Each structure stands twice: as C-alpha cells, then as structure tokens.
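Q: I'd like a close look at one part of this model. Please start with the whole and then zoom in.
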Amino acid sequence: MFRKNVAPGLLILAFIALLALWQWLSQQGELDAAALVSDIRSYTRSMTPLAIAACLVPVYLLLLHLMFPLTVLVAVTGLLFGPWVGFLYAGLGTLLFSATSFWLGDVIGRDALFRLGGQRLHTVSRYLSARGVRVIFLISLLPIAPFAFTNMLAGASHIRFRDYMLGSAAGLLPGVAVVTLLGGELGAVLEHGGTLDWILFALAAAGILALFFAFRRWIRLRSGVDGSP
C-alpha cells in the first residue's frame, strides 16, 4: 500500500529534480541540450515521415523488448518531433510492439513465461481469464506487471487478437498522448524558454502527471485491480 501511494509522488519529485539539474547544467555550459535537440530536429526535417517511421519503429521494437522504459522512449519522441507528430510516431511504435510481443507470447507459451516473469504474471493471468477488451484495457492502463511480459502473456492466453489490440490501444494511447505532450513542451522550453518558463513547465508537468496518476488510481479502485504481487 505504501508503494502504491508514495511511488507516484516520488516519481513527480524526481521528474522536477531532473528538470532542475538539466537547467542548471545548461546554464553552467556543461550541457547544451537545446543545441542537440535543434540539430536532431533539423536533420529529421529532411526526412520523409515514412523514412522516420521506418527508422523509429525498429528502435521501439528493440528497446521495448529489452525492457527499456516505455515512458522515457515516448517522452524523447515527443521532445524530438513535437506533441502531435510525436504522438503519431510513439503510438505507432507502441502498438506495433504490442502486436509483436503478443505474437511472441503465442510462440513461447504460458509455462515458459511464468518461469521468466515470476509471481506477478499469475496475477495478470487471473484477469486475462475474462478475455475481453475491458480486461486488456485495464491491464494496459494499470502497470500490474512489466509491459512486455503482459503482452506476451496475453498472446499465450489465446485472447482474440482484435480484442487485444482494441484494449491495448484504449489503455495505452491516453498515456502516450500525455507523455508526448510533455516531451513536446519540454522541447519548446529547451529552445526558447528562460528560467521562468522552466519553473512554469515543471509545475504544469507535475500537475498533469499528478492528475494522470490520480485517474489511474481511480480506475484501479473502481475495477478492483490490485497491482501488488
């Protein structure tokens, strides 16, 4: 219970601390993040959207299968491509990963996944027994097990692929939208913002994250989903 109540607050505080450290390093000349982001954005402007997607999607597939944090990947996508275009790229990469990990789980099978994933996958498996869009939506929205393992377990449980993808899209895309928005706004502050802009961004980002965590907690309480092992 302590972890569930305190972890979101600690994450928000860590986020603000990282922003403050980033700004301080930039002012000291130790880190020119604005120039780096600007250079990458200038380079990608010469590429077609299809070429960018062809480069970005394999990065998503590789890193997410290696358990790289989805939130960080989505935030960087928003930072580099802005909130709207970044959302399209991040959403595409996230949903394609969901599809490939579902297929991988079908190939590996449940017994092997339980040996790899541990006790938490047994919790997920109980919810998957209902085999509906609502269950996939809840599991995608609420992090009750590692993202990749959850997707693979869904594939191993022989849920209909259409239901799985509909539930995954409904559960994942709102969070992707929030994080790409924050990443895009961070990029704008990096390029044009002063100290006051950084403070306002940190406060706004903390508020948005707090609302998002509160919404997820409300969904958890309403649905009866317990994220504990």
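Among contacts between residues at least 6 apart in sequence, what percentage joins residues at least 24 apart? Then take the packing of helix H5 with helix H9: at what angle do they pack, and which residues make the contact?

A: The model is predicted, so local features need pLDDT of at least 70 and side-chain atom pairs pLDDT 80 or more, while totals for chains, interfaces and linings use all residues. Numbering runs from 1 along each chain as its sequence is written, and side-chain values use heavy atoms, without hydrogens or water.

The share is 81% (contact: heavy atoms within 4.5 Å). The protein has 11 helices and 0 strands (DSSP runs, H or I of at least four residues for helices, E of at least two for strands, numbered from the N terminus). Of its 229 residues, 42% are buried (under 20% relative accessible area, 1.4 Å probe, protein chains only).

Now the pair. H5 spans residues 83–108 and H9 spans residues 147–156. They pack at about 55°, with axes 6 Å apart (lines fitted to C-alpha atoms over the stretch in contact; angles run from 0 to 180 degrees between N-to-C directions).

H5 supplies Thr94, Phe97, Ser98, Ser101, Phe102, Leu104, Gly105, Asp106 and Ile108 to the contact. H9 brings Phe147, Ala148, Asn151, Met152, Ala154, Gly155 and Ala156. Together, 9 are nonpolar, 6 polar and 1 charged (nonpolar: Ala, Val, Leu, Ile, Met, Phe, Trp, Tyr, Cys and Pro; charged: Asp, Glu, Lys and Arg; polar: the others, Gly among them).

Note on methods:
Buried < 20%, exposed > 50% of the residue type's maximum accessible area, 1.4 Å probe, protein only.
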